[in-house]
Amino acid sequence: MGMLDVNGTSVEVDEEGYLEDLSEWTEEIATAMAAAEDVDLSEEHWDIINFLREYYEEYQIAPAVRVLTKAVGKRLGKAKGNSKYLYSLFPYGPGKQACKYAGLPKPTGCV
Amino acid sequence: MATKKFMYVNRKAPYGTVYALEALEVVLIAAAFEQDISLAFIDDGVYQITKEQSTDGIGMKNFSATYKALGDYDINKIYVEKESLDDRGLTADDLMPLVWEDEDDDWAEKPSIKIVSREEMAAVLAAQDVHYSF
């Protein structure tokens with residue numbers, strides 16, 4: 001359990017940095033989480049983050065990387081629907097890192 | 001690695017015990033290993049995939065929406081026993097329309113649920129390599 005400072009207010013995160021209370025999520029929190037890992041969020045990052053949030057809203061789970069890759073390919077085109085592209089945005093792993101910024105729990109099946 | 005046929009048999013109501021949720025999580029994890037996965041819903045297990053579930057009165061998470069993600073995980077062989085539906089006064093219309101998208105067919109949505117008789121279910125079960133019973 002730890003705290004993350006976001007513009008003066010602090011939010012609770014678990015030992016791996018995932019948000020404890022998903023309903024607390026804001027874009028500022030995502031930006032702060034990324035900044036802590038020296039990542040500057042671009043529009044391409046937000047596409048993935050927003051997709052993950054919509055997916056969670058609809059299915060109540062964080063998708064596995066394979067599912068994320070396929071869905072991105074469908075929505076944003078084949079050029080982006082591959083793990084090379086996703087890893088270029090999220091080098092620590094698109095599932096783990098992007099889900100964290102999106103305020104989701106760690107993906108099911110991510111051992 | 002050779003592909004094996006895995007069958008996950010679901011026989012219990014979705015809430016009240018943790019079997020249904022645990023089975024669903026195991027299935028989603030297993031999907032990562034690209035095996036040939038099927039699900040069977042028998043007895044009270046058929047309630048797991050009924051429409052319009054509400055857990056408001058029991059303080060549990062309603063995880064029924066997650067079954068709709070199975071298609072994304074390439075799990076599209078979902079067998080439901082007709083006798084179990086009949087015994088409970090249920091029909092196919094009471095079940096969530098679980099579908100999968102065929103990438104090779106311009107993402108056409110195809111149904112994942114197959115309603116089978118008890119006899120057909122026995123044959124489906126007999127054709128599997130591995131069974132998990134929940």
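Is A:Met33 buried or exposed, and how many other C-beta atoms lie within 10 Å? A:Met33 is buried, with 23 of them in that range. Buried here means 20 or more other C-beta atoms within 10 Å of a residue's own, exposed means 12 or fewer, and partly exposed is in between, with C-beta atoms placed from the backbone. Keep in mind that this is a predicted model, where local features need pLDDT of at least 70, side-chain atom pairs count only at pLDDT 80 or more, and totals for chains, interfaces and linings use all residues. Residues are numbered from 1 along each chain as its sequence is written, while chains are lettered from A and ligands numbered from 1 in the order in which they are written.

**View 1. A:Met33 and its contacts.** A:Met33 sits in helix 1 (residues 27-36) of chain A. Helices (H or I, at least four residues) and strands (E, at least two) are DSSP runs, numbered from the N terminus. Leaving out residues up to four places away in sequence, A:Met33 touches A:Leu4, A:Gly17, A:Lys100 and A:Tyr101. Contact means that the C-beta atoms of two residues, placed from the backbone, lie within 7 Å. A:Val65 is 32 residues from A:Met33 along the chain, and their C-alpha atoms are 20 Å apart.

**View 2. Helix 2 crossing helix 5 in chain A.** Helix 2 (residues 43-59) and helix 5 (residues 94-101) of chain A pack at about 80°, and their axes are 9 Å apart. Axes are lines fitted to C-alpha atoms, for helices over the stretch in contact, and angles run from 0 to 180 degrees between N-to-C directions. The two helices of chain A are therefore roughly perpendicular; that label covers 65 to 115 degrees, with under 35 roughly parallel, over 145 roughly antiparallel and the rest oblique. Helix 2 of chain A brings A:Ile48, A:Ile49 and A:Leu52 to the contact, and helix 5 of chain A brings A:Pro94, A:Ala98, A:Cys99 and A:Tyr101. By class, that makes 7 nonpolar, no polar and no charged residues. Ala, Val, Leu, Ile, Met, Phe, Trp, Tyr, Cys and Pro count as nonpolar, Asp, Glu, Lys and Arg as charged, and the others, Gly among them, as polar.

**View 3. Where chain B meets chain A.** Here 12 residues of chain B contact 12 residues of chain A. The chain B side has 8 nonpolar, 1 polar and 3 charged residues. Skipping neighbours within four places in sequence, B:Tyr73 contacts A:Ala64 and A:Val67, as well as B:Leu28 and B:Ala31.

**View 4. The largest nonpolar core.** A nonpolar core is a set of buried Ala, Val, Leu, Ile, Met, Phe, Trp, Tyr and Cys residues joined through C-beta atoms within 7 Å. The largest one has 53 residues, and those touching the most other members are A:Leu52, A:Ala98, A:Ala102, B:Tyr8, B:Val27, B:Leu39 and B:Tyr73. Helix 1 (residues 19-30) of chain B gives this core its largest share, 5 residues. In soluble globular proteins, nonpolar side chains tend to be buried together.

**View 5. The elements of each chain.** Chain A has 5 helices and 2 strands, in the order β-β-α-α-α-α-α along the sequence. Chain B has 3 helices and 7 strands, running β-α-β-β-α-β-β-β-α-β from the N terminus. Buried residues make up 32% of the 111 residues in chain A and 31% of the 134 in chain B.
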